[in-house]
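Please look over the sequence and the 3D structure shown here before reading on, and keep both in view as you go.

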Amino acid sequence: PILAGDRVVIVEDVSTTGGSALKAVEAVEGMGARVARIVTVLDRLSGARELFEEKGYRFDSLVTIKDLGL
């Protein structure tokens, strides 16, 4: 369970615009916890990083679509 005051990392498999992870961020914060960062396995370079950095969240990806040569 997530408790008020907890620090949480949101983990996502693929990030495109960041919409799904943003819903998770809102749910976690709604429980009184704090999001420490968002981590995605694959960033499709379609706006997720910009969305989260604009909102003040740290966003990290393991690989990007460019890393795969696509």
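Predicted model: local features only at pLDDT ≥ 70, side-chain atom pairs only at ≥ 80, totals over all residues.

Three strands form an open sheet in the order β1-β2-β3, and their pairing is parallel. The edge strands are β1 and β3, the latter covering residues 59–64, and each of these pairs on one side only. Averaged over the sheet and with direction ignored, neighbouring strands are turned by 15° against each other. As a general point, strands of a sheet pair through backbone hydrogen bonds, in either a parallel or an antiparallel manner.

Strand β1 (residues 7–15) and strand β2 (residues 34–43) are parallel and are joined by eight bridges. Among the residues that face each other, arginine 7 stands opposite arginine 34 in β2, while serine 15 has aspartate 43 of β2 as its bridge partner.

## The nonpolar core

The largest nonpolar core has 13 residues, of which Ile10, Val25, Val28, Val35, Ile38, Phe52 and Tyr57 touch the most other members. Two or more residues of this core come from each of β1, α1, β2 and α2 (48–54), and α1 gives the largest share, with four residues.

Isoleucine 10 shows such contacts in detail: leaving aside neighbours within four places in sequence, isoleucine 10 is in contact with Ala21, Ala24, Val25, Val28, Val35, Arg37, Ile38 and Val39.

Terms used. Residues numbered from 1 in each chain as written. Heavy atoms only, no water. Pairing = 2+ DSSP bridges. Core = buried A, V, L, I, M, F, W, Y, C linked by side-chain atoms within 4.5 Å. Buried < 20%, exposed > 50% of the residue type's maximum accessible area, 1.4 Å probe, protein only. Contact = heavy atoms within 4.5 Å. Axes fitted to C-alpha atoms, helices over the stretch in contact; angles between N-to-C directions.
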